Amino acid sequence: MPKPTIGLEVHVQLRTDSKMFCACPMEFGAEPNTRVCPVCLALPGSLPVLNRVALESTIALGLALHCHITPFSQFHRKNYFYPDLPKGYQISQYDLPLASDGYLTLPKESIAASFKKVGIIRVHMEEDTAKSIHGASLAHNVGYALLDFNRSGVPLLEVVSAPDLESPEEASAYLVELRAILRTLGISSGNMEEGALRCDVNISLDRGTRAEVKNLNSFRAVRKALEYEFQRQCERVERGEAVLLETRHWDEAKGVTIPGRSKEEAEDYRYFPEPDLLPLEIDVRWVEQVHRSLPELPEGRRERLASLGLHPSEAITLAHNPELACFFDGALEVGAPPKETANWLLGEVQRILHAGGKSLEETPLTPVRLAELLRLIQQGVISSKGGKALLEVMLTSDRPPAELVEALGLAQVSDPVQIRLWVQEAIAANPKQSEQYRQGKEALLAFFAGQVMKKSFGNANPELLDRILKEELQATA
Ligand SMILES: [Zn+2]
């Protein structure tokens with residue numbers, strides 16, 4: 001059985017205030033052709049100016065991916081004609097990418113310490129094209145294309161991996177990890193559905209001739225296209241046919257890849273240095289400064305969280321969700337225990353949020369409040385069941401947890417005298433069941449516990465109740 005060899009080229013839309021080479025504001029979903037100027041419309045005589053934040057974001061990603069940041073870099077013109085590219089070329093980087101020779105580490109859920117390094121060949125900067133919207137007018141029986149130049153000149157990074165991935169699942173895991181890094185750095189939304197991440201994949205069998213599938217815009221499409229392409233190439237080889245070097249497209253509706261143009265080589269683009277932009281000389285001190293200000297990255301975060309005793313899957317989930325991880329750390333800062341916090345945050349909190357279709361930020365729950373809730377359970381003020389009821393209300397109410405415990409009557413009864421009284425009442429009221437218990441029907445213990453819970457409105461301390469119930473049932477015997 002041949003093995004697939006997979007490499008990914010990911011286009012990342014940066015989240016800067018303005019575009020790559022002009023001051024036009026960036027805004028997803030703005031009215032078409034309202035965020036434009038002479039530069040991004042490619043009017044004659046306009047000159048590009050490089051966005052410093054975009055450059056710094058690229059350096060940050062390069063460092064996060066353990067890349068070498070080149071002290072001397074340059075922009076090139078990549079020449080090709082397309083209606084959404086009014087200049088007739090795209091400003092990109094060619095033989096001098098800003099960052100190169102790095103790696104990304106994939107986590108493996110089953111064993112916390114095991115991982116796989118995927119090589120990063122290069123990270124370079126370029127600009128996005130305008131957006132073509134294709135349609136058809138039934139009345140006039142013609143097809144048409146509309147162009148929205150809001151996207152023209154939006155800063156893009158291209159992240160090119162080495163062909164180190166060996167399955168569609170690994171390709172998926174790579175994308176998830178890359179997105180987590182981008183979100184942790186705060187340089188891109190990483191939303192595939194908004195086009196902030198777009199993926200081209202190349203796949204070959206046993207490092208033979210590769211085919212490329214362009215413009216995949218969901219995690220599902222990446223996985224499905226790779227699965228299909230692997231199967232297709234295997235079948236060709238079985239029939240004794242060669243795999244062709246070509247660019248293919250993914251047909252989402254039919255679930256197949258279809259041949260596109262044969263693949264262009266670099267010389268087809270007639271790359272030459274962009275004369276309107278100075279070469280980049282990157283100050284080493286600036287790179288060091290960016291390095292020092294990098295936040296805790298997913299890889300390091302996973303290790304730290306696992307060392308706190310979290311299950312690897314919990315550590316991975318938190319490392320892939322920077323907002324959740326910050327919330328978690330906030331609760332720990334005010335003394336919440338790590339395991340219980342992870343348990344509640346990833347379990348009950350997510351369950352309630354999911355059911356209500358809300359995100360954590362939309363609720364009044366804060367890390368301090370969650371820590372208080374856990375303290376109330378730990379101190380036996382409320383039961384863990386009471387805690388769940390309390391949490392439900394805390395996700396909509398702004399009142400402090402202690403006050404809600406009063407208002408909802410959730411305080412746990414841990415007074416042994418009171419519990420014993422309820423137990424004795426329950427036994428007296430059910431002589432038949434207590435007789436059966438004495439004859440060995442131990443399952444009836446749960447029946448009596450239920451009776452007491454009813455009397456206490458669910459607030460009797462369960463451990464205490466269990467102990468006293470056993471004592472009293474034995475005593476009656
Ligand atoms: Zn502009």
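**Figure 1. Salt bridge between Arg-220 and Glu-252.** In this predicted model, the side chains of Arg-220 and Glu-252 form a salt bridge, with an N to O distance of 2.9 Å. Arg-220 belongs to helix α3 (residues 219–238), whereas Glu-252 is placed in the loop between β13 (246–251) and β14 (256–262). The pair thus links distant parts of the chain, 32 residues apart. Arg-220 is partly exposed, at a relative accessible area of 45%, and Glu-252 is likewise partly exposed, at 42%. Side chains of opposite charge can pair when their charged atoms come close. Over the whole structure, a search finds 32 salt bridges.

Figure 2. Gln-233 is found in helix α3. The relative accessibility of Gln-233 is 0%, so this residue counts as buried. When neighbours within four places in sequence are left aside, Gln-233 is in contact with Ile-203, Ser-204, Leu-205, Thr-209, Ala-211 and Val-243.

Figure 3. The side chains of Arg-420 and Glu-472 meet in a salt bridge, at 2.8 Å from N to O. Because Arg-420 lies in helix α12 (residues 416–429) and Glu-472 in helix α15 (residues 462–476), the pair ties together parts that are 52 residues apart in sequence. Arg-420 is partly exposed, with a relative accessible area of 26%. Glu-472, by contrast, is buried, with a relative accessible area of 14%, which falls under the 20% limit for that class.

Figure 4. Lys-470 forms a salt bridge with Asp-466, and the closest N and O atoms of the two are 3.2 Å apart. Lys-470 and Asp-466 are 4 residues apart in helix α15, so about one helical turn separates them. Lys-470 counts as partly exposed at 36% relative accessibility, and Asp-466 counts as partly exposed at 33%.

Figure 5. Trp-422 has its place in helix α12 and counts as buried, at 13% relative accessibility. Beyond its neighbours within four places in sequence, Trp-422 is in contact with Val-413, Val-452, Lys-455, Ser-456 and Ala-460.

Figure 6. Cys-22 and Cys-40, 18 residues apart, both lie in the loop between β1 (4–13) and α1 (52–64). Cys-22 is buried, with a relative accessible area of 12%, and Cys-40 also counts as buried, at 6% relative accessibility.

**Figure 7. Nonpolar cores and the contacts of Ile-59.** The largest nonpolar core has 68 residues, and those with the most contacts inside it are Leu-8, Ile-59, Leu-61, Leu-65 and Tyr-174. Apart from this core lies another, of 30 residues, including Leu-305, Phe-328, Leu-376 and Leu-395. Ile-59, in the largest core, is in contact with Ile-69, Leu-98, Ile-282, Trp-286, Val-287 and Val-290, leaving aside neighbours within four places in sequence. In soluble globular proteins, nonpolar side chains tend to be buried together.

**Figure 8. A salt-bridge network and the domain layout.** Four residues, Lys-3, Lys-116, Glu-166 and Glu-170, are linked in a network of salt bridges. The domain assignment of the protein gives domain 1 (4–286), domain 2 (321–408) and domain 3 (416–476). Between domain 2 and domain 3, the C-alpha centres lie 32 Å apart.

Technical notes. Residues numbered from 1 in each chain as written. Predicted model: local features only at pLDDT ≥ 70, side-chain atom pairs only at ≥ 80, totals over all residues. Heavy atoms only, no water. Helix = DSSP H or I, 4+ residues; strand = E, 2+ residues; numbered from the N terminus. Buried < 20%, exposed > 50% of the residue type's maximum accessible area, 1.4 Å probe, protein only. Domains from an automatic or database assignment. Core = buried A, V, L, I, M, F, W, Y, C linked by side-chain atoms within 4.5 Å. Contact = heavy atoms within 4.5 Å.
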